[in-house]
Amino acid sequence: MVKLGVKAGDKVGTLAWNDHRHLEAYFAIPSIGAVLHTINIRLSEEHLTYIINNAEDKVLLVDEGMIPIIEKIKDNIPTVEHFIILTDEETLPETSLKPVQLYEAFIKGANETFQFLQDIPETNPAGMCYTSATTGNPKGVLYTHRSIVLHSMMLCFADTIAISERDVAMPVVPMFHVNAWGIPFATVSLGTKLVLPGPNFNGEVLAELIEKEKVTMTAGVPTIWIELAKVLETGKYDTSSLTRVVCGGSAAPEGLIRKYEKEFNIPFLHAYGMTETSPVVTVARLKSHQEELPYDEQLKYKGKQGLPTILIEAKVVGENGEEVKHDGEEMGELLLRGPWITDEYYREPEKTKEAVQDGWLRTGDIVTVDEEGFIKIVDRTNDLIKSGGEWISSVDLENALMAHEAVFEATVIAVPHERWQERPVAFIVLKDGKDVTEEELRQYLLEEKKFAKWWLPDKFIFLDEIPKTSVGKFLKRELREQYRDVLLKEQNV
Ligand code: ADP
């Protein structure tokens, strides 16, 4: 990299899955004072172009499978001076990218030893990620050497994720999704064995890897665990090595947690964070006295996002800026402060002003806090359903629906309504070979799940698939666009 002219402060972009070459880049790039810019490879061409230009990436490390997409945008990313292809192949694939080299050939001629920079100020940037924008352009967040080190140490605490040298860790969360939640940094710092599943994985592949490599800890978004559950239900795989499945990025449905813990005997650990927060800020690990509770009571806490970790300050404020009561009921926006919380968006003074106020990051997440201090995300500000002036939590409805034995996936959105301004509409994907009617789901929510009548979705729409974001979260925006008029049309408005 140094020979290519990469200097301290330069950005080096990676477009890569979880594998050993990407891991090498994770350490090589910050160690020469440059900035590791992990790019979400599932973004649109427009967003890829935007963020490569916004970051001014000088070199791009590109998985072979990404070449066709980068070729399409190559003429619009003038700051990029070199392309390096990450592949097992020994010859360069046919490509119009220029100048281009193979990664293995690129490092082959280099010295076996290298004097890494020793005097990089700890507050210098080491990495950067962009938030996956739901509206407008993605926003860049810089991580410093200091923030990465402190966040890594936090992940190793027994009361958070408890990463240890004894683990075999398999981050399924992509290394382009907020640094695979910091797992590569924490594990390498301890010498923990890492299992990196590469680009082509599904439930079967993950189950095989867990069994074969005796994985003890794995991490990913709920959609991954929903998919793996289908495979584990067959009973074909031995997953007894697992001591925890870490789940974050979206709310983990209680039914899913119960399934893993009670059916598969795999402890399930729910955590929360965002790109702006490195990402981990809360972990739902039970306190010792909570472990004495009956399982159904425990589950209520495990389904929440949990306690702020060490060094993280959290505050929940209502619409007038006053702090809410810690009663598990009153809702407010979660504000955060701490050594791995960002205090600005890269080159975005206006957006920074909106998000960072008096040193606190506004998360845009609406939460409650209970007497134990456990935080529960009720919704993202944009996803809350405001019906006749009262709030309905889409997350609570989704949770309940996904616990139904016929439901594979469910999501709930707010849809404009003439009388109530907004009403919930549910989208349901059925499990293979299962069936349930709209009326049965309504009765189930009412009778078994004890929802108030006015919380029930006005409509249940059955789909083959729920659209997902680039990191596997339900893409509510697309559903909102497509189904904006469903209720108004029925009311002939
Ligand atoms: P993006 O904002 O780009 O979708 P992030 O991964 O930064 O990607 O998303 C952060 C948001 O994801 C949080 O603000 C929160 O709304 C949601 N989120 C993350 N983890 C959880 C969780 N465990 N439960 C519920 N929501 C979560």
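**Reading helices, sheets and exposure**

Author: Let's start with a result: α1 and α6 are roughly perpendicular to each other. By the cut-offs, angles under 35 degrees count as roughly parallel, over 145 as roughly antiparallel, 65 to 115 as roughly perpendicular, and the rest as oblique. One caveat: this is a predicted model, where local features need pLDDT of at least 70, side-chain atom pairs count only at pLDDT 80 or more, and totals for chains, interfaces and linings use all residues. Residues are numbered from 1 along each chain as its sequence is written, and side-chain values use heavy atoms, with hydrogens and water left out.

Reader: At roughly what angle do the axes of α1 and α6 cross?

Author: Two packed helices are described by the angle between their axes and the distance between the axes. Axes are lines fitted to C-alpha atoms, for helices over the stretch in contact, with angles from 0 to 180 degrees between N-to-C directions. Helices (H or I, at least four residues) and strands (E, at least two) are DSSP runs, numbered from the N terminus. Here, helix α1 (residues 20-31) and helix α6 (residues 183-190) have axes that cross at roughly 80° and come within 11 Å.

Reader: Which residues in α1 and α6 meet?

Author: Contact means heavy atoms within 4.5 Å. From α1 you get Leu 23, Tyr 26 and Phe 27, meeting Pro 184, Phe 185 and Val 188 in α6. That contact splits into 6 nonpolar, no polar and no charged residues. For the classes, Ala, Val, Leu, Ile, Met, Phe, Trp, Tyr, Cys and Pro count as nonpolar, Asp, Glu, Lys and Arg as charged, and the others, Gly among them, as polar.

Reader: How far apart are the axes of α5 and α6?

Author: Helix α5 (residues 145-155) packs with α6 at an axis separation of 9 Å and an angle of about 75°. So α5 is roughly perpendicular to α6. Ile 148, Ser 152 and Leu 155 in α5 meet Ile 183, Phe 185 and Ala 186 in α6, and this contact has 5 nonpolar, 1 polar and no charged residues.

Reader: On to sheets. What order do the 7 strands of the open sheet have?

Author: Two strands pair if DSSP finds at least two bridges between them. The order is β5-β4-β3-β1-β2-β6-β7, with mixed pairing. The edges are β5 (100-102) and β7 (140-144), each with a single partner strand, so one side of each has no neighbour in the sheet. From one strand to the next, the twist averages 25°. Helix α2 (residues 45-55) packs on this sheet, touching β1 (11-15), β2 (35-38), β3 (57-63) and β6, and its direction makes about 155° with that of β6. As for α5, that helix lies across β6 and β7 and runs at about 75° to β7.

Reader: How many bridges join β23 to β24?

Author: There are 4 between strand β23 (residues 421-430) and strand β24 (residues 459-462), and the two run parallel. Ala 426 has Phe 460 in β24 as its bridge partner. A crossover is right-handed if, with the strands pointing away from the viewer, the path from the first strand over the helix to the second runs clockwise. The β-α-β crossover from β23 through helix α13 (residues 438-448) to β24 is right-handed.

Reader: Last one: buried or exposed, for Lys 259?

Author: Buried means under 20% relative accessible area, exposed over 50%, partly exposed in between (1.4 Å probe, protein chains only). Lys 259 has 17% relative accessibility, so this residue counts as buried. Lys 259 sits in helix α9 (residues 254-263) and, leaving aside neighbours within four places in sequence, is in contact with Ala 229, Glu 233 and Phe 264. By contrast, Glu 112 is exposed at 81%, in the loop between α4 (103-108) and β6 (125-130).
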